[in-house]
Amino acid sequence: MAQIRIENVRKDFGSFNAVKSSTFTIEDGEFFMLLGPSGCGKTTTLRMMAGLELPTSGRIFIDGEEVGQKPASQRDIAFVFQMFALYPHMNVRGNISYPLKSQGMPRARIKAKVEEVAEILGVTDILDRPVGGLSGGDRQRVALGRAIVRDPKAFLMDEPLGALDAEFRERMSEELRALHDRMKATTVYVTHDQLEAMQMGDKIVVMNHGVVEQFGVPQDIYDWPATRFVAQFIGSPPMNFLDFEGVIGAGGDEVRLSDVEVKVPPSIEGAKGKLTLGVRPEHVTLDDDAPYRGRVMTTEYLGTTQIVTLDTANGPLKARVASAARVEVGTTTGLRFDARTITLFDQQEGRALR
Ligand code: ATP
């Protein structure tokens, strides 16, 4: 299996710069997510790893060997497009064995290899069935089988579950993750779905407008977003942003927000100017005794929790509280923020202050 390194990689299409200078490393065996909104450059980045696009500048390494200018056929990695793309005139065995036949592998070895892969994917019983009548899940397993059978160094997947309905998508993503845990094959997976990225990924790269905004394990990206874009893109409802202007006094760990002191982590003392306080809805506590106030605008019942939208002097704010909490629309309540969970951003650059 393989480590993949992207080093200062840039891609231009004519005068349009689709990927700005990107650098990150995908370690051997990782399930790695390329996450971002439509048009951010994630597919282009994946296609450059596969050799389907060549970088305008920068270098791509697979296991330490530079492959940036090599064609796809020499990279030994499998690109899984939409998983449903099967050869309709062949049966399951024909579909899975196709890549080996085109390599000229002897028949007996093909048979053994296909049966081994079928076993891993749980499709042994349907090997001789035509693909036309298969269920969606089986079609997907067969498409995966066709990628796995070659023993590639890595799998590259572009929104493989994109076309599926929510329930089926969840089941398939669990299966895909379980398969990865068994095979430990380096997998790079493109998605615009932050929840899917958080659930499935060992690591995530978050991209926006061709820029790598952050790169790390899901929990760090959620807890310590590097930019306001990441903070807003990850998490639902997203992080709250309260804009204010002020100075975080040296020696103190409080910030004045509309004349109210709010505790912030001591590490960001001394920050000043136009700042934004970021706090996730689950880290806002409704507390009548707290001096910072908000007026309840709406409540949204979600089963075990409810989302309360409040109007504050610094703009709207959402709190996630227990459903059992009694919250009445139209009333005013105090709000407390857990200092350990606050992120401060500078307003101009949108960068987190650490
Ligand atoms: P999506 O999820 O919509 O596919 P993405 O994040 O994968 O988005 P890319 O497909 O990488 O984005 O595209 C990044 C930008 O580059 C887009 O603005 C797209 O229009 C542009 N682009 C991609 N391929 C080409 C091309 N062959 N020629 C010109 N522009 C392109």
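How do the residues of the shell around the ligand divide into nonpolar, polar and charged? The shell has four nonpolar, seven polar and one charged residues. The model behind this count is predicted.

## Confidence

The average pLDDT of the chain is 89. A score of at least 70 is reached by 92% of the residues. For the complex, the predictor gives an ipTM of 0.96 and a pTM of 0.87.

Where pLDDT is low, the predicted coordinates should not be read in detail.

## Two domains

The chain is divided in two. Domain 1 covers residues 4-230, and domain 2 covers residues 238-353. Their C-alpha centres lie 39 Å apart.

The two domains touch. Domain 1 gives six residues to the contact, and domain 2 gives seven residues. On the side of domain 1 that touches domain 2, four residues are nonpolar, one is polar and one is charged.

## Around the ligand

Which residues surround the ligand? Phe13, Phe16 and Ala18 belong to the shell. So do Gly36, Ser38, Gly39, Cys40 and Gly41. Lys42, Thr43, Thr44 and His192 complete the list.

The largest share comes from α1, with three residues.

## Helix α1

Just after the helix comes Gly51. Its phi is positive, at about 90 degrees.

## Val92 in helix α2

Val92 is found in helix α2, which runs over residues 92-103. Is Val92 buried or exposed? Val92 is buried, because 26 other C-beta atoms lie within 10 Å. The cut-off for a buried residue is 20 or more.

What does Val92 touch, leaving aside residues up to four places away in sequence? Its contacts are Val123, Ile126, Leu127, Arg129, Val131 and Val142. Val92 and Gly132 are 40 residues apart along the chain, and their C-alpha atoms are separated by 9.6 Å.

## In brief

The ligand shell takes its largest share from α1. The chain has two assigned domains, 4-230 and 238-353. Val92, in α2, is a buried residue.

Terms used: Residues numbered from 1 in each chain as written. Predicted model: local features only at pLDDT ≥ 70, side-chain atom pairs only at ≥ 80, totals over all residues. Near = placed C-beta within 6 Å. Helix = DSSP H or I, 4+ residues; strand = E, 2+ residues; numbered from the N terminus. Nonpolar A, V, L, I, M, F, W, Y, C, P; charged D, E, K, R; others polar. Buried ≥ 20, exposed ≤ 12 C-beta atoms within 10 Å, placed from the backbone. pLDDT = per-residue confidence, 0-100. Domains from an automatic or database assignment.
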